[in-house]
Amino acid sequence: MELRSVEELMNLLHACRGVHDIPELTRPRPHPGGGTPAGVPVDLHDHALQTAALLRRGHPSDKELQVAGLVHDIGHLLRPGDDAGHADLAADAVRPLLGERVSGLVRLHVAAGRYLAAAPPGPGPSPRDTLAPDAAMTRHEAAAFEHDPLADDAMTLWQADDAGKVPGLYAGELEDWRTLLELVAERSARLGAAD
């Protein structure tokens, strides 16, 4: 599926409300104060809004990164049950509408988590806490990832993705993002017409 209009994308994002059966949203996570991990009761809609809001706060001038945060997991809705392929599905769906950079960031967000899981543990939560135990990249995969020009921004997206799973946190309304989606889509169309 390729999304061709902001209205189509908005309808898909609205359809994310109430979708909970996504492995990354329900995988047990360490409790911040220690204790027993619990599943994350955040639906795909709220997760998208939280991720995008975190990116807006941390990177206010990078509109494409914010939009990538909003749409990064729509592949779960496009083909339910395909957790492994959700990033590629979402990237392919948004490319015609939102352009190469947004598509590339969406495609790389899972790889970024795998890259971070391969890094030596540091202070605070680690991708190892939320990814499958065998998800970390090999050294060869990590070296290839480091050479991708979108790698740093993809890691930023993954970190917001991982943090954007807070039950009950209000992160605005989906309609708040329509104008930005239209701006990014318009810019992408202009760039495509210039090629």
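**Confidence.** I looked up pLDDT (the predictor's confidence in each residue, from 0 to 100) and found the chain's lowest mean, 59, in helix H2 (residues 23–26), and the highest, 98, in helix H4 (residues 63–71). Helices here are DSSP runs (H or I, at least four residues), numbered from the N terminus. The chain averages 86, and 81% of the residues score at least 70. Over residues 28–38 pLDDT stays under 50.

**Ground rules.** This is a predicted model, so I keep in mind that local features need pLDDT of at least 70, side-chain atom pairs count only at pLDDT 80 or more, and totals for chains, interfaces and linings use all residues. Residues are numbered from 1 along each chain as its sequence is written, and side-chain values use heavy atoms, with hydrogens and water left out.

**Helix pair.** I then checked H7 (residues 100–118) against H9 (residues 151–163): they pack at about 70 degrees, with axes 7 Å apart. Axes are lines fitted to C-alpha atoms over the stretch in contact, and angles run from 0 to 180 degrees between N-to-C directions. H7 and H9 are therefore roughly perpendicular (65 to 115 degrees). Contact means heavy atoms within 4.5 Å; among the residues making it are Leu105 and His109 of H7, and Leu157 and Trp158 of H9. I noted ten nonpolar, three polar and three charged residues in this contact (nonpolar: Ala, Val, Leu, Ile, Met, Phe, Trp, Tyr, Cys and Pro; charged: Asp, Glu, Lys and Arg; polar: the others, Gly among them).

How values were computed
Helix = DSSP H or I, 4+ residues; strand = E, 2+ residues; numbered from the N terminus. Parallel < 35°, antiparallel > 145°, perpendicular 65-115°, else oblique.
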